[in-house]
Amino acid sequence: MSDQQTHILIEQQEGILTIRFNRTEKKNALTSAMYGAILDVLIAADQDDSVKVILFAAQPDMFTAGNDLKDFLTRDTSEEPAAIKMLRQLAVQKKPIVAAASGIAVGIGVTLLLHCDLVYVGENTRLRLPFVNLAVVPEAASSLLLPDIMGRQRASELLMLGDFFDARRAYEYGIANAVIANEEVFEFALAKAKELAAKPREALLLTKQLITRNRHSDVQQRIDDEAIIFAERMVSEEARQVMAAFFSGKS
């Protein structure tokens with residue numbers, strides 16, 4: 001099953017619902033329409049007893065280059081961004097989420113992983129959180145979750161400097177469960193998803209609930225707090241200058 005307009009491919013097999021980014025001509029950069037499609041799929045998945053596990057994936061050489069900035073800048077600002085709605089849903093998803101990320105993972109390509117239960121990255125993957133570089137702030141409660149996962153100094157390194165980091169560092173810092181050969185990462189993640197799907201259903205869901213329950217309200221609040229500041233930053237003079245340089249190819 002596919003959605004040509006939103007460039008999201010959906011496949012369900014053996015209780016595994018795979019959400020695959022498929023906008024390769026734009027390095028899988030996410031648009032508002034893509035976020036909306038993912039949101040709909042996530043909501044439906046939690047209501048569908050045939051779905052046991054959700055798996056995020058893309059291609060071996062490209063997970064996602066992050067948000068499509070042109071799409072983001074031209075969206076209807078009178079409505080709440082689909083990206084924020086999707087992130088709120090992701091943070092409270094009942095079903096286990098597995099991710100197979102390889103190639104390039106930028107922005108949401110990294111922050112999405114923080115809401116997954118199992119994460120596997122390709123050995124040649126390059127990850128980046130360039131929010132400050134773009135004169136904006138972190139998203140997806142990453143300003144809360146990253147310090148929790150790896151400590152303040154490491155989180156500050158990734159969020160403030162905004163440099164690329166490799167798969168080994170993602171593993172060492174606690175973002176990923178394992179580093180796998182790029183061409184094998186999807187099959188490896190799929191195998192783990194099938195392992196989860198074979199577990200007693202209620203026990204699995206309750207275990208995820210217990211692991212995440214204490215942070216739900218904090219995470220939701222931080223998603224909202226970040227979104228407010230992010231929106232303010234996007235119309236700032238500093239961001240305007242950075243974006244102009246970005247689109248002119250001078251950044």
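Colleague: Hi! How many aromatic pairs does a search of the whole structure find?

Modeller: Hello! The model is a predicted one, and searching the whole structure gives four aromatic pairs.

Colleague: Let's take F21 and F56. How far apart are their ring centres, and what kind of pair is that?

Modeller: The ring centres of F21 and F56 are 6.2 Å apart. Their planes stand at 40 degrees, so this pair counts as tilted.

Colleague: And where do F21 and F56 lie?

Modeller: F21 is in strand β3, residues 16–21, while F56 is in strand β4, residues 53–57. The pair therefore ties together parts that are 35 residues apart in sequence.

Colleague: Is F21 buried or exposed? And F56, buried or exposed?

Modeller: F21 is buried, at a relative accessible area of 1%. F56 is buried too, and its value is 0%.

Colleague: Nice. What about the rings of F21 and F63?

Modeller: For F21 and F63, the centres are 5.2 Å apart and the planes are at 55 degrees, so that pair is tilted as well. F63 sits in the loop between β4 and α2 and F21 in strand β3, so here the parts tied together are 42 residues apart in sequence. F63 is buried, with a relative accessible area of 1%.

Colleague: Which residues do the ring pairs link into a cluster, then?

Modeller: The cluster is made of F21, F56 and F63, linked by ring pairs.

Colleague: Switching topic: which ring face does R20 lie over? And R126?

Modeller: R20 is over the face of F186, 4.5 Å from the ring centre. R126 is over the face of F164, at 4.0 Å from the ring centre.

Colleague: Now the helices. At what angle do α5 and α10 pack?

Modeller: Helix α5 covers residues 142–150 and helix α10 residues 216–234. They pack at an angle of about 130 degrees, with their axes 8 Å apart. The two helices are therefore oblique to each other.

Colleague: Which residues in α5 and α10 meet?

Modeller: On the α5 side there are S142, S143, L144 and L145. They meet D218, V219, R222 and E226 in α10.

Colleague: How many nonpolar, polar and charged residues does that contact have?

Modeller: By class, the contact of α5 with α10 has three nonpolar residues, two polar ones and three charged ones.

Colleague: Great, thanks!

Notes. Residues are numbered from 1 along each chain as its sequence is written. This is a predicted model: local features need pLDDT of at least 70, side-chain atom pairs count only at pLDDT 80 or more; totals for chains, interfaces and linings use all residues. Side-chain values use heavy atoms; hydrogens and water are left out. Rings of Phe, Tyr and Trp (its six-membered ring) pair if their centres lie within 6.5 Å; planes under 30 degrees apart count as stacked, over 60 as edge-to-face and the rest as tilted. Helices (H or I, at least four residues) and strands (E, at least two) are DSSP runs, numbered from the N terminus. Buried means under 20% relative accessible area, exposed over 50%, partly exposed in between (1.4 Å probe, protein chains only). A charge sits over a ring if NZ of Lys or CZ of Arg is within 6 Å of the ring centre and within 35 degrees of the ring normal. Axes are lines fitted to C-alpha atoms, for helices over the stretch in contact, and angles run from 0 to 180 degrees between N-to-C directions. Angles under 35 degrees count as roughly parallel, over 145 as roughly antiparallel, 65 to 115 as roughly perpendicular and the rest as oblique. Contact means heavy atoms within 4.5 Å. Ala, Val, Leu, Ile, Met, Phe, Trp, Tyr, Cys and Pro count as nonpolar, Asp, Glu, Lys and Arg as charged, and the others, Gly among them, as polar.
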